[in-house]
Amino acid sequence: MVPEIVEEEVIGGTMSLTPPLLNLNHVSFVVRSVSRSVKFYEEVLGFVSVKRPSSFTFHGAWLYNYGIGIHLLQCNSLDEVPKKKGIINPKENHISFQCSDIYLLKRKLEGMGIEYVTAVVEESGIEVDQLFFHDPDGYMVEICNCDNLPVIPLSSCPMKFPYMKDPMLSSLYGKGYPKLQFGSCAAEAETVIMETLVTDMMDISF
């Protein structure tokens with residue numbers, strides 16, 4: 001089955017410059033119990049509770065570590081929270097954390113009685129270890145050593161890496177190319193993806 005490709009309309013009919021984004025700031029989850037989820041993310045993943053804005057009129061909690069925040073929101077009813085899943089499926093939506101010692105974390109999960117599944121991704125002789133498990137509400141968490149794989153862009157479009165405040169610690173793909181507009185990059189990337197899909201379909205047909 002060929003994946004669906006949805007064409008996006010360019011806002012205002014004009015070409016927009018690359019968005020001035022810096023990095024992922026936080027992920028947010030609606031949970032059944034804020035205190036239970038805080039305990040999980042602190043004890044299992046080492047996050048630290050931080051102060052929330054006092055102007056909020058709803059119950060929740062903010063946690064932070066590793067350069068990213070996790071914001072927890074107390075549900076008003078159980079209907080707001082996805083039904084808890086019994087089977088761990090790595091193909092479901094998830095958040096992923098880079099880890100320097102995945103086997104140490106595996107032993108920690110075993111000691112805490114947390115069920116997990118593992119997988120290995122191989123590309124050109126390079127292996128990536130993956131570890132998947134659920135948080136108390138059934139949201140998927142992945143632990144991996146994904147930085148074993150090089151990040152190879154599908155086009156010549158500029159790509160930012162963290163630490164953009166310090167250009168000496170940054171990398172920018174597409175050096176030597178003129179600054180491309182967002183529309184141009186999207187079109188170029190879509191062309192590469194389409195070529196890949198056609199190649200895959202030809203391989204399947206033969």
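# Reading a chain, loop by loop and core by core

Q: Where is Ser124 found?
A: Ser124 lies in the loop between β6 and β7. Those labels come from DSSP runs, numbered from the N terminus: helices are H or I over at least four residues, strands are E over at least two. Before we go on, this is a predicted model, in which local features need pLDDT of at least 70 and side-chain atom pairs count only at pLDDT 80 or more, while totals for chains, interfaces and linings use all residues. Residues are numbered from 1 along each chain as its sequence is written, and side-chain values use heavy atoms, with hydrogens and water left out.

Q: What about the phi of Ser124, and is Ser124 buried or exposed?
A: Ser124 isn't a glycine, yet its phi is positive, about 55°. For accessibility, "buried" is under 20% relative accessible area, "exposed" is over 50%, and "partly exposed" is in between (1.4 Å probe, protein chains only). With 68%, Ser124 is exposed. Tyr66 is another non-glycine with a positive phi, about 60°. Tyr66 sits in the loop between β3 and β4 and is exposed too, at 53% relative accessibility.

Q: How many helices and strands does the chain have?
A: There are 3 helices and 10 strands. Going along the sequence, the pattern reads β-α-β-β-β-β-α-β-β-β-β-β-α. Of the 206 residues in the chain, 27% are buried.

Q: In what order do the 4 strands of the open sheet run?
A: Strands pair when DSSP finds at least two bridges between them. Here the order is β5-β8-β7-β6, with mixed pairing. β5 and β6 (117-123) are at the edges with a single partner strand each, so one side of each has no neighbour in the sheet. From one strand to the next, the twist averages 25°. Take β6 and β7 as a pair to look at: they run antiparallel over 7 bridges, and Val121 stands opposite Val128 in β7.

Q: Which strands does α2 touch when it packs on the sheet?
A: Touching, or contact, means heavy atoms within 4.5 Å. α2 touches β6, β7 and β8, and its direction makes about 20° with that of β7. Such angles run from 0 to 180 degrees between N-to-C directions, using lines fitted to C-alpha atoms, for helices over the stretch in contact.

Q: Which residues of α2 are buried?
A: An α-helix has 3.6 residues a turn, so residues three or four places apart point the same way. In α2 the buried ones are Ile102, Leu105 and Leu109. They span an arc of only 60° around the axis, which puts them on the same side of α2; that arc is taken from the directions from the helix axis to the C-beta atoms. β7 and β8 are among the elements that cover these buried residues. On the face turned away from the buried side you'll find the exposed residues Arg107 and Gly111. After α2 comes Gly113, with a positive phi near 70°.

Q: Which residues have the most contacts inside the largest nonpolar core?
A: A nonpolar core is a set of buried Ala, Val, Leu, Ile, Met, Phe, Trp, Tyr and Cys residues joined through side-chain atoms within 4.5 Å. The largest one here has 29 residues, and Phe29, Tyr41, Leu45, Phe97, Phe133 and Ile143 have the most contacts inside it. Elements that each supply at least two residues include β1 (26-31), β5 (94-98) and β8 (140-144), while α1 gives the most, with 4 residues. Leaving out residues up to four places away in sequence, Tyr41 touches Phe29, Gly46, Phe47, Leu63, Ile70, Leu72, Asp135 and Val141.

Q: Which cysteines does a disulfide join?
A: A disulfide is a covalent bond between the sulfur atoms of two cysteines; the rule used is a pair of sulfur atoms within 2.5 Å. That gives 1 disulfide, joining Cys144 to Cys146 with an S to S distance of 2.2 Å. The torsion about that S-S bond is about -125°, so the disulfide is left-handed. Cys144 is buried at 2% relative accessibility, whereas Cys146 is partly exposed at 32%.
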